[in-house]
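Hi,

Here is the structure for you to open. Have a look at it first, then read on for what was found.

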Amino acid sequence: MGIEFYYYAVLILAMFAVFDIVVGVSNDAVNFLNSAIGSRVAPFYVIMIIAGLGLVSGVVFSSGMMEVARKGIFHPQFFTMPQLIVLFLAVMISDVILLDVFNSYGLPTSTTVSVVFELLGAAVAISLIKIFSESQSIAMLAEYINTSKALIIILGILLSVGIAFIVGAIVQFLTRLLFTFDFSKRLKKYGALWGGLALAFITYFILIKGAKGAAFITPEMLKWIQTHAFSMLAIIFAVSAIFLQILIFLNINILKPIVLIGTFALAMAFAANDLVNFIGVPMAGYHAYEAAVQTSAPLTTTMEALNSKVPAEPHLLLLAGIIMVVTLAFSKKARTVTKTEIDLSRQSEGEERFESVFLARKIVKFFIRFFDAVKKILPQSALNWFRKRLDSEHYHHHLADEHTPSFDLLRAGVNLMVASALISYATSHKLPLSTTYITFMVAMGTSFADMAWGRESAVYRVTGVLTVIAGWFMTAFAAFVSAALIATFIYFTKAIGVGIMLLVVIAFIARNHIKHKKRFIESEATEVYNLKKITDAHSSIHTTFEQMGFLVQKIRESLDTALEGLFQQNEYIIKNERAKNKTFQKWANIITANIFKCLRLLQKEEAELSYKYANTIRHLQRMVDGHRDIVNRSYLHVSNHHKGLLGVQIEELSELKNQLLEMLKDVENTLHANEELDYRKLEEKHAALEALAERLNEKQIERIKDGSSKTRLSILYYAIVNDALMLSKQNLKILEIFSEVLHGAKSVLEED
């Protein structure tokens, strides 16, 4: 290949740098946004502005941070420019694909781990090709690769996960004992001291982690800061405490500036240190090409030049910062990743994203037994004191509105303080760490200490944490293997291979975008059912019936499509409807939870109304079960390639389907309108459906006798007829309760 190919390859690397910034920021945004967004410290746009300013500041301080891509993982003097360009292309292609997968599923991971193991995998692949082509010993691989860096990263994973969780839990537990959930009064007494400590750690974090790459921070200054850490912390603590005490006198909530400053600090540190993960590799490729073209043999000269320190170009850094800020403002995948962590750490119960797994159940069981044993050891007076200090009743009472934060500002402050302290300490002592792992596990530790993982949600939250941690280890493995394979493929296929990989990346990202968009739409649809504000029982009851109307509508549409798929023997159509079973069950569970919330608010004198209203839960679940049974039976019949329904059976079931769907349509219209209904008319429709079912059963008996309908067809036919009757009956019961509750609520309101 001529030198022109590598010129275009550098341009392709530049293009991938943009893609990598977008997918990287979308994933790493969780590191600095979760505490601010989860606690609703300020309007969303304010949080974005603060984070954006932090990103831009961090980009300015990124000078000199690009060394890892050039010489941190491999020794460049053993490689030529073409070999390094292939290596860098493989890294960027693999990184974009890998991070986009994690973003699409809303799982936070470490961009540092991904790029390091991609560099390692691609470097090992190219090194082995060189070794075998030159008939060298496999032992030469140690000369090419800096394996110690990878081992440090692995150690960082193990250390970060355990230490961050434990420290976060301990600090949050002690902080909650000090302030309790009803912390407003106690915050005025000694909040300035606690806040001064938090700001001291956060400010020191800005100096030690965020600004250490700045041009005005010389190595001597950085060493002085690290040497005089305690003195600096003491001074910052004193100044911050005085400042916060003044704010307390002015009746200003001091937790808000602490959380916002912490958000700025983490965003700054992210941009200053993790920017290398996105543009370090393309810039290394550019420097390799630039160094090669200045020699007489650009395609064969080894790249000793990359061993020298090359400052990053300010204009490129500024452009990267702009892309970061724009991505942060508009990326829906960033919201998805952030939502995962916030949902795992939220204080209140709700719909859980993750199902329980065996290991999670065992972990929860162990801790239940452990705490039961601790309770037996501690005296009753101590237990009573702990219960009083950790009583979360005030938290729920204070947050009973539609803008409910996932957790309070006190925990958000602890998240930022502990993460800043741990990252600063590890950085100053050159210990391995991952910003993502630290911030995530601190958030999980504080939520655990705050008893956010109650008996009703613990197994699901633990499963979520285990899933994320497993993803971190999978990141290293997948990054290594994918980069190695892609590097090998491009090395032997040259320009054709690069073109193929470009098409693969485009197709992969497009596919993930479509799937994520679909999941995002489903998530927004689920929000229709989330009744976040429960202050008036009667208006909320009407809302739950409206939600049932939406669910009936979706079930009606799904049944229509699924039965048509059965009639046409179209497995694909039925499979799509079968995938909605879990969604409908989830919606039914949310409505049920909303019903429970309403029941808690109904007065004792409304016992009869409560009893009638509670009966909707049973009918709602049976309605979802009926849909699931019809769709599953249809799918199994078609997917197993059994003989299709007879023509006469299709005609009969079509008539049954049309009558059922007509009734469901009337039900959803009534529930949506939230008005009185013509119940007698619907009873007549149900009676007509029963009569039709009886006639169809008689006809089916004749087909069984004459042998025209085989056993499997008969079972399927009878099941659909019976399920249709059951669906009709359950909807009729829901409307009956709706009518009675509507009258009951009106009478109560008239009495009031």
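Lys665 has a relative accessibility of 34%, so this residue counts as partly exposed. Its partner is Glu668: the two form a salt bridge, and their closest N and O atoms are 3.7 Å apart. Glu668 has a relative accessibility of 2%, so Glu668 counts as buried. Both residues sit in helix 25. They are three residues apart, which is about one turn of the helix. Keep in mind throughout that this is a predicted model.

**The whole protein**

Now step back. The protein has 27 helices and zero strands. There are 752 residues, and buried ones make up 52% of them. The accessible surface is about 33900 Å². Carbon and sulfur atoms account for 63% of that surface. Next, take contacts between residues at least 6 apart in sequence: 85% of these join residues at least 24 apart.

Lys733 and Leu620 show how sequence and space can be compared. They are 113 residues apart in sequence, yet 9.6 Å apart in space, C-alpha to C-alpha. Lys733 belongs to helix 27, which covers residues 711-751. Its relative accessible area is 32%, so Lys733 is partly exposed.

**Salt bridges**

Side chains of opposite charge can pair when their charged atoms come close. How many salt bridges does the structure hold? The count is 17.

One of them joins Arg176 and Asp450, with the closest N and O atoms 2.7 Å apart. What does this pair tie together? Arg176 lies in helix 7, and Asp450 lies in the loop between helix 18 and helix 19, so the bridge ties together parts that are 274 residues apart in sequence. Both Arg176 and Asp450 are buried.

Asp450 also meets Arg411 in a salt bridge, at 3.1 Å from N to O. This pair too links distant parts of the chain: Asp450 is in the loop between helix 18 and helix 19, and Arg411 is in helix 17, 39 residues apart. Why does Asp450 count as buried? Its relative accessible area is 1%, and the cut-off for buried is under 20%. Arg411 is buried as well, with a relative accessible area of 0%.

These bridges belong to a network. Its members are Arg176, Asp408, Arg411 and Asp450.

**Another residue of helix 17**

Helix 17 spans residues 409-428, and Ser420 is in it. Is Ser420 buried or exposed? It is buried, because its relative accessibility is 0%. What does Ser420 touch, leaving out residues up to four places away in sequence? The answer is Phe201, Ile202 and Phe205.

**A pocket**

Rolling a probe the size of a water molecule over the atoms shows where empty space is left. The second largest pocket holds about 1600 Å³ of space. Its lining has 42 residues. Phe371, Phe448, Ala449, Met451 and Trp453 lie nearest its centre.

Which helices each supply at least two residues of this lining?

- Helix 7 (147-179)
- Helix 14 (358-377)
- Helix 15 (380-389)
- Helix 18 (435-449)
- Helix 19 (458-527)

Helix 14 gives the most, with nine residues.

**A nonpolar patch**

Met15, Val18, Phe19 and Val22 form a nonpolar patch on the surface. Together they have about 280 Å² of accessible area. Look at Val22, which is in helix 1 (residues 3-39). Its relative accessible area is 32%, so Val22 is partly exposed.

**Two residues with positive phi**

Gln569 is not a glycine, although its phi is positive, at about 60°. Where is Gln569 found? It is in the loop between helix 20 (537-567) and helix 21 (571-578). With a relative accessible area of 31%, Gln569 is partly exposed.

His641 is another residue other than glycine with a positive phi, near 60°. This residue is in the loop between helix 24 (616-639) and helix 25 (647-673). His641 is exposed, because its relative accessible area is 67% and exposed means over 50%.

Best wishes

Definitions and conventions. Residues are numbered from 1 along each chain as its sequence is written. This is a predicted model: local features need pLDDT of at least 70, side-chain atom pairs count only at pLDDT 80 or more; totals for chains, interfaces and linings use all residues. Side-chain values use heavy atoms; hydrogens and water are left out. Helices (H or I, at least four residues) and strands (E, at least two) are DSSP runs, numbered from the N terminus. Buried means under 20% relative accessible area, exposed over 50%, partly exposed in between (1.4 Å probe, protein chains only). Contact means heavy atoms within 4.5 Å. Accessible areas come from the Shrake-Rupley method with a 1.4 Å probe; for residues, only the protein chains shown count as cover. Patches are made of residues with over 30% relative accessible area and no salt bridge: like charges are joined within 9 Å, nonpolar side chains (Val, Leu, Ile, Met, Phe, Trp, Tyr) within 5 Å. A salt bridge is a side-chain nitrogen of Lys or Arg within 4 Å of a carboxyl oxygen of Asp or Glu. On a 1 Å grid over the protein atoms alone, a cavity is a set of points where a 1.4 Å probe fits but cannot get out, and a pocket is an open set with protein on both sides within 12 Å along at least five of seven lines; lining residues have an atom within 4 Å of a point. Grid points are joined across faces, edges and corners, and a volume is the space filled by probe spheres set on the points.
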